[in-house]
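Open the model in a viewer and keep the selection panel at hand.

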Amino acid sequence: MLIIIVIAATSCTTSKQILYFQDIEEIEALKIDAEYITKIKKDDLLSIVVSGPEKAVILPFNLTLTESTYSSSVDPSKSVLPYLVDSEGCIDFPILGKIKAEGMTRIELTNYLKDEISQFVKDPVVYIAFSNYKITVLGEVRSPGTYTMPSERTTLLQALGMAGDLTISAKREGILLIREVDGIQEHVTIDLRSADIMNSPYFYLHQNDVLYVPPSSSRIAQGTTASTIWSIALTSVSTMATIVALILSNRKN
């Protein structure tokens, strides 16, 4: 009976522990000021396609892109090998050679390549996309794993939604975000119960961010209690079996 009472007490939760954005009604108009500009980093994979009116002149600026692929209806960005941003933060681009891409945004690199290629090609069009824009979500979510994001403008909520949302036993005020910035690993704790997260610099995620959702204290207590009960039960069964064996042995004697 004591064990049952302990389990019931530790499993109780309230709406203040599980509801998101509990203060959202206090904010009449929430302007999202958080920055979501993604900078290119070492080890990024970039899909870069150059197009223009003169196909024969354009092709040398594309990795493994053939004239037939270029002329087809297939998305050319899916037919080229991605450019790896190396340990020096550079990409090795056809004709132009090594280009320092680290620290640039996708738009900045697009404009830079347009200017450089314009020396050889009239009116070039440059398309750039991240090939490895991934977010990892671990812990108390329904589908933990690593997810490829369809857009640079990916929010914390979108990532959690892709992972199936938090479980009922997740700690809403203790979500851990791990992010690497300029070679230094940062970590911050996020409280989903407050709407202030929408104006946080961590509301928009960066490539390779890791989210860890820890279990609530009641969930930990339940797990510990269950382990204790199981241990006591096994010990009790073993003890009872020994006693029964001794009784039967004495009766035979």
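Select arginine 179 and aspartate 209 in this predicted model: their side chains form a salt bridge, with the closest N and O atoms 2.7 Å apart.

Next, select lysine 42 and glutamate 102. A salt bridge joins their side chains at 2.9 Å, N to O. Lysine 42 is in the loop between H2 and E1 and glutamate 102 in the loop between strand E4 (97-100) and helix H5 (106-117), so the bridge ties together parts that are 60 residues apart in sequence. Lysine 42 is partly exposed, at a relative accessible area of 36%, and glutamate 102 is partly exposed as well, at 28%.

Move to aspartate 191 and arginine 193, another salt bridge, where the closest N and O atoms are 3.1 Å apart. Aspartate 191 counts as partly exposed, with 27% relative accessibility; arginine 193 also counts as partly exposed, with 26%. The count of salt bridges comes to seven.

Stay with the loop between helix H2 (15-18) and strand E1 (45-51), and select threonine 38 there. Is threonine 38 buried or exposed? Its relative accessible area is 1%, and under 20% means buried, so threonine 38 counts as buried. Show the residues within 4.5 Å. Leaving aside neighbours within four places in sequence, the contacts of threonine 38 are Met104, Thr105, Arg106, Phe130, Tyr133, Glu152 and Gln207.

Now turn to the surface. Asp43, Glu180, Asp182 and Glu186 gather there in a patch of negative charge. Glutamate 180 lies in strand E8 (residues 175-181) and is partly exposed, with a relative accessible area of 49%.

For a nonpolar patch on the surface, select Met240, Ile243 and Ile247, which together have about 270 Å² of accessible area. Methionine 240 is in helix H7 (residues 217-252).

Finally, zoom out to the whole chain. The chain has seven helices and 10 strands, and 34% of its 253 residues count as buried. Its accessible surface comes to about 15,000 Å², 57% of which belongs to carbon and sulfur atoms. Of the contacts between residues at least 6 apart in sequence, 63% join residues at least 24 apart.

Key. Residues numbered from 1 in each chain as written. Predicted model: local features only at pLDDT ≥ 70, side-chain atom pairs only at ≥ 80, totals over all residues. Heavy atoms only, no water. Patch = residues over 30% accessible without salt bridge, like charges linked within 9 Å, V, L, I, M, F, W, Y side chains within 5 Å. Areas by Shrake-Rupley, 256 points an atom, 1.4 Å probe, with all protein chains shown as cover. Salt bridge = Lys/Arg side-chain N within 4 Å of Asp/Glu carboxyl O. Lys, Arg positive; Asp, Glu negative; His and termini not counted. Charge placed at Lys NZ, Arg CZ, Asp CG, Glu CD. Helix = DSSP H or I, 4+ residues; strand = E, 2+ residues; numbered from the N terminus. Buried < 20%, exposed > 50% of the residue type's maximum accessible area, 1.4 Å probe, protein only.
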